[in-house]
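This briefing is intended for a reader new to the structure.

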Amino acid sequence: MPVEQPPGTVGNLTHEQEAKLQEFWKLALKTFGVKSEETKQQSSVSSLNVADDDDKHGQSKEFQQALADMSPEEIRVTYWNMVKHDNPDSLFLRFLRARKWNVKKAFIMFISTIRWRSKEIKVDDDIMRNGEALAQKQSQSADPAEKKKGQDFLDQMRLGKSYLHGVDKNGRPICVVRVRMHKAGEQSEESLERFTVYVIETTRMMLPPPVETATIVFDMSNFSLANMDYAPVKFMIKCFEANYPESLGAVLVHKAPWLFSGVWSIIKGWLDPVVAGKVHFTKNANDLEKFIPRDRIVKELEGNENWEYKYAEPQPDENKAMEDTARRDALVTERQEIAKEIQDATVSWLSASSSKDKEAISLAEERRNGFINRLREHYWVLDPYIRSRSLYDRTNVIKGDGKVEFYPGA
């Protein structure tokens, strides 16, 4: 059954929303160092700021730091790396929706995320490039600190502390977090953060357009206060509110015991009201069935799907493609050329829109959409050369061409 495009997404924009998207693109192109008549009209990007009382995660400071630390080309390249197989408009629209279509606030949020990905967390150059294979190698190291890093990461994968399986009624991938598997202090904060970002980014691999969000089930079965750990919760909240906006579809807190109510009152106080509004408490499979069909609720959650989480260890040659650096570099160059074609086509689209010439706008949009489709297709050619294989590649859930199959034979 086809998934409808929600309001405020590509293909379902009002005239006002499209104008906001175009304004955002003008700021982005100016920041990327793209010179055109359209970007000349933009005032200095560095003058943007938001009031402290409207900046929960300190993003104005990170925004200014990004402009100081990073060259226009570095910001541009980081952005196109961040896009992956996504539609570049969709990515910008998530930031705009998160900031209620305030272009200034959305752009500050976007640039601070670029810095976070590139300078702080190193999402693409480390976490996704090295993945589970690096953790396996580290776990065999003679250096105790390196060994612990690898073991911490792999322990979480092997336990299935958090896993991805299936889709809900809206076609959104389901991430199950088995809270009982976590014990405060067992893994370092760095390992917990690395694992969290790894799961989020892997989920991004499983978003077929027009699906843009995921559903998280926090399985609270057998929860005790020994499982409660506020630091990773705060990190997860910041990820979804500041760096992965508009990525949550629903959050299902399942089988929470009475002692969780005090914990929840603290956590709820940290949440943006929009995020808090996506949280639903479920007690049994009937409650879950409001969101997930019964035959897609795994037996562990008292549903009908006969599926269990099992971790498949990294295999010796699964990242062989990554050794071919010449082929990788050639593909990266190709991708950046397509990105520049999209930038040029965007300038033409902005110019045509300013002229109000309907035929010119239609032609510019058609040409631009062609490049955007090429970028998506090209990503899956490049993917094996820049992203370490994951559990979901090894189990053939991620098919390698952008297709995702949770239910083989269904």
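The side chains of Arg 394 and Glu 132 meet in a salt bridge, with N and O 2.3 Å apart; a salt bridge is a side-chain nitrogen of Lys or Arg within 4 Å of a carboxyl oxygen of Asp or Glu. This is a predicted model, in which local features need pLDDT of at least 70 and side-chain atom pairs count only at pLDDT 80 or more, while totals for chains, interfaces and linings use all residues. Residues are numbered from 1 along each chain as its sequence is written, and side-chain values use heavy atoms, leaving out hydrogens and water.

**Salt bridges**

- Arg 394 belongs to helix H16 (residues 391-394) and Glu 132 to helix H7 (residues 123-139), so the pair links parts of the chain 262 residues apart; helices (H or I, at least four residues) and strands (E, at least two) are DSSP runs, numbered from the N terminus.
- Glu 132 is buried, at a relative accessible area of 0%; buried means under 20%, exposed over 50%, and partly exposed in between (1.4 Å probe, protein chains only).
- Arg 117 forms a salt bridge with Glu 201, with the closest N and O atoms 2.9 Å apart.
- This pair connects helix H6, which holds Arg 117, with helix H9, which holds Glu 201, across 84 residues.
- Both Arg 117 and Glu 201 are buried.
- Glu 302 forms a salt bridge with Lys 255, the closest N and O atoms being 2.7 Å apart.
- Glu 302 lies in the loop between helix H13 (285-288) and H14, and Lys 255 in the loop between S4 and H11, so this pair ties together parts 47 residues apart in sequence.
- Glu 302 counts as partly exposed, at 40% relative accessibility.
- A search of the whole structure finds 39 salt bridges.

**Backbone features**

- Lys 255 has a positive phi of about 60 degrees although it is not a glycine, and it is partly exposed at 31% relative accessibility.
- Trp 101, in the loop between helix H5 (88-98) and helix H6 (103-121), has a positive phi near 70 degrees.
- The peptide bond from Pro 209 to Pro 210 is cis, with omega near 5 degrees.

**Helix packing**

- The axes of helix H14 (residues 325-355) and helix H15 (residues 358-386) come within 9 Å and cross at roughly 160 degrees; axes are lines fitted to C-alpha atoms, for helices over the stretch in contact, and angles run from 0 to 180 degrees between N-to-C directions.
- H14 is therefore roughly antiparallel to H15, a term for angles over 145 degrees.

How values were computed
Parallel < 35°, antiparallel > 145°, perpendicular 65-115°, else oblique.
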